Amino acid sequence: PLTAARWDQTRLRRRMLEGDWQDDLRDRYLLALGQVRAKAHGELDYSANPFRVICQELSVLYDRSPMVRHESRSQDTEAFLGRNGPISRAQLWPLMARVQPFIIGCREYFLRVTAYEDGSLSYRPVAPDMVIAKPHQERPDQPVYIEEVRLRHVDNHGMVWTLDCLSIEDPEYPYYRVFLTDGGTKKGLEVTEQVLGGRFEGESYPYFREGAPALPYVLYHAQKNGDRLFDPYAAREIVEGSLNLAVGYSFFWHCLRDASWPQRWVANGRPAGLAATDTDAGRRLEITTDPATLLILESSGDGIESSAMQVTAGQFSSPMDLEKLERSLSSYGQRLAQDAGLPASDIQRLGGNARSGYAIALTSEGRREAQRKYAPLQAASDQELIGLSAALLNGATGSSLPEAGYVVSYAAIPLSPDELRERRAHIIQLLQAGLLDRIQAYMELHPGLTEQEAASELARIDRDRAFQTTLNR
């Protein structure tokens with residue numbers, strides 16, 4: 001039951017991130033307004049989804065490809081990490097630009113690595129709602145057993161749901177098995193040999209890293225858990241609030257479309273030209289009205305002449321203050337952004353309607369703060385992914401790439417000219433006051449560099465300056 005509830009929550013979030021949440025909004029609208037009113041209101045408005053916008057705005061690490069380094073700097077390592085290397089050819093970093101919003105929104109996400117004998121790699125995102133996993137006893141946020149539900153083609157069965165089961169719980173006897181399933185967690189007929197072409201257990205297990213069995217998955221977390229493998233309900237308030245906001249904007253759209261002009265009324269009369277329409281609830285009479293149409297009324301007295309049956313008509317003022325309703329919804333959207341951890345000072349003005357549910361966008365400083373927040377945890381997972389990729393390539397091709405020790409640095413969000421000028425002046429003041437040394441100052445001006453790299457660059461600058469001075473003499 002706990003796994004089923006986790007899957008349901010994660011699938012709701014995935015649908016909202018992928019734009020496939022029409023049925024969820026329709027169900028929420030029916031729950032809020034009832035079946036009769038909801039059907040009368042017509043089409044819903046799907047344009048307001050702060051949850052998706054917030055996740056996208058916070059996903060800034062892969063706007064530009066990160067820099068990956070290894071201390072060995074061997075020719076094989078440089079080729080592995082270079083522009084024409086297997087990681088670049090697999091387009092890992094463009095893929096991660098798409099995956100990071102799902103990591104933030106779903107709180108966890110898997111990436112599966114596959115290495116081929118021709119030296120190529122592939123990376124496949126795996127949603128947590130397609131996985132059952134068991135954690136390591138001493139490291140509860142790292143899995144040692146994974147079951148992934150997948151669609152596969154199996155001989156004599158066609159395209160069917162299968163369960164990929166990989167275990168390193170017992171390091172002496174890891175295994176990789178495949179079973180038929182009904183799309184859930186129940187294991188059916190084992191089809192390992194039909195799918196994989198053999199059995200992969202014990203010494204024949206295909207995935208090893210630094211001599212120990214490894215899972216071909218890396219689990220990315222939006223936040224360090226420490227005591228659990230999954231944290232699917234974090235920020236649930238933003239998910240529920242986004243659905244409620246979409247209900248509000250759907251009602252706003254109904255009012256704008258159907259109730260934004262004065263309400264007309266008639267006594268002792270009926271509109272002429274009524275048309276009968278069949279519906280699920282029976283037959284109803286209707287006529288098209290609009291501010292630009294002329295409504296013709298006829299007496300309902302059925303030929304009886306009486307002053308009491310005289311047709312009278314009038315109108316009430318518009319029943320809805322659209323401006324107040326829109327302001328309330330905008331404030332609700334802004335509160336959702338702040339509940340998600342986005343300070344109002346970091347949300348910039350977009351167009352005339354500032355800081356509304358439609359206009360959540362981070363300033364440059366807000367994006368840098370998001371980068372600083374997510375970089376340490378993402379870097380650890382990215383470095384794990386690069387090491388795992390090297391290990392699987394070694395197993396597939398017989399190469400000897402280092403399987404650990406990789407360092408990932410993310411490209412800093414560029415400063416504006418004014419911001420750059422202010423930062424440079426501040427660092428120079430600290431340097432002159434003796435509160436920073438040259439290496440620290442250079443690292444402040446070039447985020448992402450290690451102390452050794454900064455010292456090397458400063459030494460190069462000093463050599464070039466000394467050489468230029470000699471030439472001038």
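Between which two helices does the loop that holds Leu-449 lie? In this predicted model, Leu-449 sits in the loop that joins helix H13 (438-445) to helix H14 (451-472).

**Leu-449 and its surroundings**
- Leu-449 counts as partly exposed, because its relative accessible area of 24% falls between the limits of 20% for buried and 50% for exposed.
- Once neighbours within four places in sequence are set aside, Leu-449 is in contact with Tyr-442 and Met-443.
- Although Leu-449 and Ser-409 are 40 residues apart in sequence, their C-alpha atoms are 8.0 Å apart in space.

**Helix H10**
- Helix H10 runs over residues 322-339, and its 18 residues should span 26 Å at 1.5 Å a residue, which agrees with the 26 Å between its end C-alpha atoms.
- The buried residues in H10 are Leu-322, Leu-325, Glu-326, Leu-329, Ser-330, Gly-333, Leu-336 and Ala-337; they cover an arc of only 135° around the axis, and therefore lie on the same side of H10.
- An α-helix has 3.6 residues a turn, so residues three or four places apart point the same way.
- These buried residues pack against helix H4 (50-58) and helix H9 (236-258), while Glu-323 and Lys-324, on the other side of H10, are exposed.
- Just after H10 comes Gly-341, whose phi is positive at about 95°.

**The largest pocket**
- The largest pocket has a volume of about 700 Å³, and its lining is made up of 26 residues, with Arg-139, Gln-142, Pro-143, Arg-209 and Glu-384 lying nearest its centre.
- At least two lining residues come from each of strand S5 (143-154), strand S11 (212-213), strand S12 (217-221) and helix H11 (364-397), and H11 gives the largest share, with five residues.

- Arg-107 is not a glycine, yet its phi is positive, near 75°; Arg-107 belongs to the loop between helix H7 (92-106) and strand S2 (108-115), and it is buried because its relative accessible area is 11%, under the 20% limit.
- Ala-235 likewise is not a glycine but has a positive phi of about 60°; Ala-235 lies in the loop between S12 and H9, and is partly exposed, with a relative accessible area of 32%.

Conventions:
Residues numbered from 1 in each chain as written. Predicted model: local features only at pLDDT ≥ 70, side-chain atom pairs only at ≥ 80, totals over all residues. Heavy atoms only, no water. Helix = DSSP H or I, 4+ residues; strand = E, 2+ residues; numbered from the N terminus. Expected span 1.5 Å × (residues − 1). Buried < 20%, exposed > 50% of the residue type's maximum accessible area, 1.4 Å probe, protein only. Arc of directions from axis to C-beta. Contact = heavy atoms within 4.5 Å. 1 Å grid on protein atoms, 1.4 Å probe; cavity = no way out; pocket = protein on both sides within 12 Å on 5 of 7 lines; lining within 4 Å. Points joined across faces, edges and corners; volume = space filled by probe spheres on them.
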